[in-house]
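Please keep the sequence and the structure in view while reading.

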Amino acid sequence: MSQLRFPGVPLVEVRAATDADVPAIRALMAPHIASGAVLPRAVVAADFLVACVQGRVEGCVALTPWTDEVIELGSLVSARSGLGRLLVEAACEAAVARGCQQIVALTGVADFFLRCGFEPQGTAPWAVARGMVAGPPAVAAKARKCAACPLLAGCAQTLLARPLKIRLAA
Ligand SMILES: CC(C)(COP(=O)(O)OP(=O)(O)OC[C@H]1O[C@@H](n2cnc3c(N)ncnc32)[C@H](O)[C@@H]1OP(=O)(O)O)[C@@H](O)C(=O)NCCC(=O)NCCS
């Protein structure tokens with residue numbers, strides 16, 4: 001997908017994950033699932049992008065559609081400073097290529113996403129799933145999935161969103 005090379009700086013490549021990357025993605029995510037920073041999920045290579053440094057997977061991010069227009073960026077892990085933002089930008093690029101209009105994140109590190117151009121949104125899907133408020137269609141669609149999550153009762157993740165540039169046909 002993209003490669004960066006600067007003199008004296010290791011080669012970084014962000015690309016679509018393959019089945020061979022699944023063990024490395026699981027290993028990256030495991031400590032953050034244990035700490036509660038990242039939600040557990042099935043690791044299907046087709047959902048993930050990985051960031052590789054000198055060929056080694058050191059970061060990952062997953063894209064999960066909520067609707068045709070709205071897609072969630074999740075399971076973001078960076079084991080090396082700088083890869084977090086790189087993966088967010090790559091995920092946004094991939095979401096544009098899929099025709100999405102908005103990318104969202106549910107997170108405990110809202111400040112990081114603010115640094116990456118996201119803005120807080122009013123209604124989180126966990127609040128809709130708990131029957132506390134009504135939400136717009138995309139949030140309600142995610143809330144139906146949250147309703148089956150064993151972590152719903154304690155969830156307090158912040159919902160942030162970033163609009164995506166739409167590519168117009170020539
Ligand atoms: C959050 C995480 C992905 C950030 O990755 P990273 O590679 O360290 O981030 P970057 O170096 O690209 O940082 C980009 C910017 O965000 C800032 N930043 C990084 N982590 C931050 C945090 N936890 N809170 C606030 N700002 C943060 C950086 O200082 C940098 O700021 P700048 O705009 O001044 O340059 C990484 O710390 C991580 O994997 N955390 C554990 C898992 C997790 O919480 N994932 C998010 C779940 S949605």
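Helices (H or I, at least four residues) and strands (E, at least two) are DSSP runs, numbered from the N terminus. Residues are numbered from 1 along each chain as its sequence is written. The model is predicted: local features need pLDDT of at least 70, side-chain atom pairs count only at pLDDT 80 or more, and totals for chains, interfaces and linings use all residues.

**Confidence**

- The predictor's confidence in each residue is expressed as pLDDT, from 0 to 100.
- The protein has a mean pLDDT of 92, and 92% of its residues reach 70 or more.
- Among the elements of the protein, α3 has the highest mean pLDDT (98), while strand β1 (residues 2-4) has the lowest (61).

**Surroundings of the ligand**

- A residue is near a molecule or strand if its C-beta atom, placed from the backbone, lies within 6 Å of it.
- The ligand is surrounded by 18 residues, and the closest are A37, S78, G84, R85 and D111.
- Two or more residues of this shell come from each of β5 (70-78), α2 (83-97), β6 (102-107) and α3 (110-115).
- Strand β5 gives the most to the shell around the ligand, with four residues.
- By type, the shell divides into eight nonpolar, seven polar and three charged residues.
- Here Ala, Val, Leu, Ile, Met, Phe, Trp, Tyr, Cys and Pro count as nonpolar, Asp, Glu, Lys and Arg as charged, and the others, Gly among them, as polar.

**Helix α1**

- Helix α1 (residues 22-35) has 14 residues and reaches 20 Å from its first C-alpha to its last.
- That span is close to the 20 Å expected at 1.5 Å a residue, where the expected span is 1.5 Å times one less than the number of residues in the helix.
- At M29, shortly before the proline P31, α1 has a kink of about 35°; the bend at a residue is the angle between axes fitted to the seven residues ending there and the seven starting there.
- A residue is buried if 20 or more other C-beta atoms lie within 10 Å of its own, exposed if 12 or fewer, and partly exposed in between, with C-beta atoms placed from the backbone.
- In α1, I25, L28 and M29 are buried.
- The buried residues of α1 pack against β3, β4 and β5, contact meaning that the C-beta atoms of two residues, placed from the backbone, lie within 7 Å.
- G36 follows α1 and has a positive phi, near 90°.

**Positive phi outside glycine**

- Q54 is not a glycine, yet its phi is positive, at about 50°.
- Q54 lies in the loop between β3 (48-53) and β4 (56-65), and it is exposed because 9 other C-beta atoms lie within 10 Å.
- S75, which is not a glycine either, has a positive phi of about 50°.
- S75 belongs to strand β5, and it counts as buried because it has 22 C-beta neighbours inside 10 Å.

**Two further residues**

- D47 is found in the loop between α1 and β3, and it is partly exposed, with 19 other C-beta atoms within 10 Å.
- Not counting residues up to four places away in sequence, D47 touches A62, L63 and T64.
- D47 and A16 are 31 residues apart in sequence and 8.3 Å apart in space, C-alpha to C-alpha.
- R115, in helix α3, is exposed, since 12 other C-beta atoms lie within 10 Å.
- R115 and E69 are 46 residues apart in sequence and 23 Å apart in space, C-alpha to C-alpha.
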